[in-house]
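Work through the exercises below with the coordinates at hand. Each task is followed by a solution in steps.

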Amino acid sequence: MSAPTPAPGTETTSNKGLSPGTVGMIGAVVIGISTIAPAYTLTASLGPTVSEVGFQVPAIILVGFIPMLLVAFGYRELNRAIPDAGTSFTWATRAFGPWIGWMAGWGLVAATVLVLSNLAGIAVEFLFLLIDQLAGSPGWIADLAFNPFINVGVCLLFMLGATIVSYRDLQTTQRLQYFLVGFQVLVLVIFSVVALVHVANGTAFDASPIELSWFDPFAVGSLTAVVAGLSLSIFIFWGWDVVLTMNEETKDPERTPGRAATVTVLIVVALYLLISLSLLSFAGVGTGELGLGNEDIQANVFFYLSGPVLGPLAFLVSLAVLTSSASSLQSTAVGPARTLLAMGYYGALPPVFAKVSPRFFTPGFATVVSAVVASVFYAVMRLISENVLWDTITALGMMICFYYGLTAFACVWYFRKQWFDSARSFFFTFLFPLVGGAILAVLFVITLVDSADPAYGSGSNVGGLGLVFILGVAVILVGIVIMIWQSVVRPGFFRGETLSIEAPESLRKGRHA
């Protein structure tokens, strides 16, 4: 069924056909953690971050956490005022108008579709790696994951499974995620604690006592290294905003999503600090066999350290990373589907995107479209060139900074008449989102400039320009072209007839932090 187009000036929180009250606080936090995928994210990013900043990884994690938390405060305030499934798209439209709002929505959809394809590919690699470990083979089973045809075929099966679960109601998603996230977090905590036990017993590879200096970002000694580390840390926190896209399906939609987003970020930063401290203490930052500075193990640090830390139970770590990527593949699909639903509902995209499954009350059409686009993108890129695929994923960092930053600034501008109403308003609707958005804007510009270097990413270039730069700019330009096309065939939204600029005079009564 398709939701009717809202009349001008009506309440933004509209009945789009979704099932209200489906997700509670705990369920939203679990889905948020699942989307971030701490096991998969950290095993791939810990090594490269160590190469940039050494023992100061905990400091960089905390520094990267700051803009995420500040932006999360902005998201929370916007959700209080406008609990809408379109999130960045709806909020930026309310603050800046339809053109910038449309691009904010495009940034979210493009980023999540790129991640969906990447997660499926990672899940394939860890599936074969796990089978290889359990079979005790010399590695030939794991190598099958790098056969492009086998890789793409199994990847499409993962996408199909994730799409089927996402198409069903959020209760199904919650039940699946409770198990997958619970197992993932339990294994990571055990992995970390046992590594610290090895350090205490003198059986660690390169035992290093934990020091307060590890939390000092000024000890890095290089601004370039700090920026590189920050870019990596932005990536490891990405995904918490999925809980906001479920706001029309949560209990107490004005408060639960914002609180869940904040709790999600806090839990994840605590988990990251525990894991990074334990593995730094266990393996050190050297380039020895198991040192975190060894480039040969940096693509999958957990795999190489799991044996020395857990012995015969090492396969649990690979299983945790597999469940991490697979569960994130499913939960990540929640975000773009609901953003596309809102864009279709308000007339920014064809009305077919506003169709909701009459059986499951989920954005069925938008879910399928997201999955198909991600699957086709991955298959084409993987068969053409693995370098192009991974450079596209590298360009993801720009898209994250782009739409997170836009949303943070949307919060600042939307509440501009309330900045000085109270100390709370000053900090949460002005200062915090402004600083968070400014940090992300600076990172966006720095990444854009750096990626123009042909040596950036895989080293591929076109006409002397780095491929990451070309792909990042291309994604934005494609969005602009589609937006202009939609403004011609669907002018109502772009005239402000379905979703207009709004600036509230005062906060609603009865709101509490």
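**Exercise 1.** Determine how E77 and R80 are placed relative to each other in the chain, and whether they are buried or exposed.

Solution. Step 1: in this predicted model, E77 and R80 both belong to helix 3 (residues 57–81). Step 2: they are three residues apart, about one turn of the helix. Step 3: E77 is buried, and R80 is buried too. Step 4: the two form a salt bridge, with the closest N and O atoms 3.7 Å apart.

**Exercise 2.** Find the other salt-bridge partners of E77, and state which residues are joined into one network.

Solution. Step 1: R76 forms a salt bridge with E77, and their closest N and O atoms are 3.5 Å apart. Both of these residues are buried. Step 2: R424 also pairs with E77 in a salt bridge, the closest N and O atoms being 3.0 Å apart. This pair links distant parts of the chain, since R424 is in helix 18 (residues 423–451) and E77 in helix 3, 347 residues apart. Step 3: assign the burial classes. The cut-off for buried is under 20% relative accessible area. E77 has a relative accessible area of 3% and is therefore buried. R424, with a relative accessible area of 24%, is partly exposed. Step 4: salt bridges that share partners join R76, E77, R80 and R424 into one network. Step 5: for the whole model, the count comes to five salt bridges.

**Exercise 3.** Describe how helix 12 and helix 13 pack, and classify the residues in their contact.

Solution. Two packed helices are described by the angle between their axes and the distance between the axes. Step 2: the axes of helix 12 (residues 301–310) and helix 13 (residues 315–332) come within 8 Å and cross at roughly 145°. Step 3: list the contact residues. Helix 12 contributes F302, F303, S306 and L310, while helix 13 contributes V317, S318 and V321. Step 4: sorted by class, the contact has five nonpolar residues, two polar residues and no charged residues.

**Exercise 4.** Which residues make the nonpolar surface patch, and which helix gives the most to it?

Solution. Step 1: the patch is made by W99, L477, I480, I484, W485, V488 and V489. Its area is about 690 Å². Step 2: helix 19 (residues 467–489) gives the most, with six residues. Step 3: take I484 as an example from helix 19. A patch residue needs over 30% relative accessible area. I484 has a relative accessible area of 45% and so is partly exposed.

**Exercise 5.** T87 and D252 each have a positive phi although neither is a glycine. Give the angle, the location and the burial class of each residue.

Solution. Step 1: for T87, phi is about 35°. T87 sits in the loop between helix 3 and helix 4 (88–96). With 1% relative accessibility, T87 counts as buried. Step 2: for D252, phi is about 55°. D252 is in the loop between helix 10 (242–245) and helix 11 (256–283). Its relative accessible area is 38%, so D252 is partly exposed.

Conventions
Residues numbered from 1 in each chain as written. Predicted model: local features only at pLDDT ≥ 70, side-chain atom pairs only at ≥ 80, totals over all residues. Heavy atoms only, no water. Patch = residues over 30% accessible without salt bridge, like charges linked within 9 Å, V, L, I, M, F, W, Y side chains within 5 Å. Areas by Shrake-Rupley, 256 points an atom, 1.4 Å probe, with all protein chains shown as cover. Salt bridge = Lys/Arg side-chain N within 4 Å of Asp/Glu carboxyl O. Helix = DSSP H or I, 4+ residues; strand = E, 2+ residues; numbered from the N terminus. Buried < 20%, exposed > 50% of the residue type's maximum accessible area, 1.4 Å probe, protein only. Axes fitted to C-alpha atoms, helices over the stretch in contact; angles between N-to-C directions. Contact = heavy atoms within 4.5 Å. Nonpolar A, V, L, I, M, F, W, Y, C, P; charged D, E, K, R; others polar.
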